[in-house]
Amino acid sequence: MKRIDPQTIEGVQRQLANVQQVLIVTHYNPDGDAIGSTLGLYHYLSRRGHRVDLVVPNEYPGFLQWMPGNDQILLASQNHQAAIEKLHRAEMIVFLDFNVLDRLQHLEEDFRQARVPKVLIDHHPDPEPFADWMVSTTQVSSTCELLYELLVAMDGEQSITRNVATCLYTGIMTDTGSFSYNSSLPDTYYVVSRLIEQGIDKDRIYWRVYDNYSADRMRLLGYCLNTKLKVFPEFGAAYISINQSELNHFNYKSGDSEGFVNYPLSISGVMFSAIFIEQEGYVKISFRSKGDFYANHFATAHFNGGGHKNAAGGYSELPLEDTLNKFESLLSDYKNQLKANCLSHAD
Ligand code: 5GP
Ligand code: MN
């Protein structure tokens, strides 16, 4: 392993020794890795005797609300003032699972201005250098996997209690789609084996996350696959779009469309997939790819976003129909890259 340089480990260690009050924050629209790393670190720091505040910018789905310590999280979207008060009493801030401060959305400026030591722990490419200690590499499946390595480097295996292990495993499982992508390095499985040794209930974690959907969500998925999926065999691409009235019809709740974007990739020959979800005033977009098509570069160049090579996101302020037209014409512009990717990864 050893993917974090010793000076960084020592720096974080020394900093922690000097502070009582630590604030942990993660990104807007948090996913399993964001919540898992936040709560995993919370359990570790609390046990070390720190006072820990947890701030999450906005709501997250029910299938992530079961992890131990979940009731400690403050949703800044529900109480902005309380989040700012926690920020003001922090002696140190740990930023988890994002690489650019604008992923804090309405909290960005306050956190940028904070004059306390900052630590970033993250696995996205090209991080904005805003923290005093950057625990950052793309050579891991997830922030949770990297956090495991940091905790063990600081305090040995005994830092990984069952609660810590449950949270970290959840993040690794969700960021790899249950070990179907971002999971080709042996170290991931070493970490997983150590987490399982802590007595986590791996099967139960799986069903808390993946077998916990509402009937409405299943029906929305069926509807999208049946009528809203558009396939472009000539580009090896496909997308799904959902407008507001469709969301209302299926009683849409935050997180209901999680994972939909992966389905088109299981069509033979489709290597690039997108989903467009109409929100108030903008369209939220997710991209997924296989092989060497850089979904993050595409998201940054055209849709105000970023992310990883094979999993990225962004948004559009054009109306939904215009956004879809823009995407379709971009497919033509990217025809050569898309086709080259399909050919180089064909059987
Ligand atoms: P998702 O599609 O699951 O929302 O996000 C996939 C990946 O894309 C995440 O790992 C996240 O880092 C990145 N991502 C999603 N939305 C945005 C965005 O608006 N801006 C940036 N920079 N990255 C995003
Ligand atoms: Mn992540």
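Where is Thr137 found? Thr137 is in the loop between strand S6 (133-136) and helix H5 (143-155). Helices (H or I, at least four residues) and strands (E, at least two) are DSSP runs, numbered from the N terminus.

This is a predicted model, in which local features need pLDDT of at least 70 and side-chain atom pairs count only at pLDDT 80 or more, while totals for chains, interfaces and linings use all residues. Residues are numbered from 1 along each chain as its sequence is written, chains are lettered from A and ligands numbered from 1 in the order in which they are written, and side-chain values use heavy atoms, with hydrogens and water left out.

**Loop residues**

Thr137 has a relative accessible area of 13% and is therefore buried. Buried means under 20% relative accessible area, exposed over 50%, and partly exposed in between (1.4 Å probe, protein chains only). A polar atom of the Thr137 side chain lies 2.9 Å from the backbone nitrogen of Gln139. A polar contact is a pair of N or O atoms within 3.5 Å; within protein, one must be able to donate a hydrogen and the other to accept it, and residues adjacent in sequence count only if both atoms are side-chain atoms.

Asp97 is found in the loop between strand S4 (92-96) and helix H4 (108-113). Its phi is near 70 degrees, a positive value in a residue other than glycine. Asp97 is buried, with a relative accessible area of 1%. Asn304 also is not a glycine and has a positive phi, of about 55 degrees. Asn304 lies in the loop between helix H11 (295-302) and S11 and is partly exposed at a relative accessible area of 49%.

Gly177 belongs to the loop between helix H6 (162-175) and helix H7 (186-197), and its 22% relative accessibility makes it partly exposed. Gly177 and Phe111 are 66 residues apart in sequence, and their C-alpha atoms are 31 Å apart in space. Ala340, by contrast, is found in helix H13 (residues 335-344) and counts as partly exposed at 42% relative accessibility.

**Aromatic rings**

The structure holds 27 aromatic pairs. Rings of Phe, Tyr and Trp (its six-membered ring) pair if their centres lie within 6.5 Å; planes under 30 degrees apart count as stacked, over 60 as edge-to-face and the rest as tilted. One of the pairs is Tyr223 with Phe250, which is tilted, at 5.2 Å centre to centre and 40 degrees between the planes. This pair links distant parts of the chain, 27 residues apart: Tyr223 is in helix H9 (residues 215-228), and Phe250 is in the loop between helix H10 (244-249) and strand S9 (272-279). Tyr223 is partly exposed at 26% relative accessibility, whereas Phe250 is buried at 12%.

Tyr239 and Phe327 form an edge-to-face pair, with 5.6 Å from centre to centre and 90 degrees between the planes. Tyr239 lies in strand S8 (residues 237-242) and Phe327 in helix H12 (residues 320-333), so this pair ties together parts that are 88 residues apart in sequence. Both Tyr239 and Phe327 are buried. Ring pairs also link these two residues into a cluster with others, including Phe232, Phe235, Phe272, Phe303 and Tyr334.

Lys326 has its charged end over the ring of Phe303, 4.6 Å from the ring centre. The charged end of Lys309 sits over the ring of Tyr294, 5.4 Å from its centre. A charge sits over a ring if NZ of Lys or CZ of Arg is within 6 Å of the ring centre and within 35 degrees of the ring normal.

**Ligand 1**

Of the 13 residues around ligand 1, His124, Ser286, Arg288, Ala312 and Gly313 come nearest; a residue is near a molecule if one of its heavy atoms lies within 4 Å of it.

| Residue | Ligand 1 atom | Distance |
|---|---|---|
| Arg103 | nitrogen | 3.4 Å |
| Lys284 | oxygen | 3.3 Å |
| His308 | oxygen | 3.5 Å |

The protein covers 80% of the 490 Å² of accessible area that ligand 1 has on its own. Strands S10 (282-289), S11 (306-307) and S12 (311-316) are the elements that give two or more residues to the shell. S12 gives the most, with four residues.

How values were computed. Areas by Shrake-Rupley, 256 points an atom, 1.4 Å probe, with all protein chains shown as cover.
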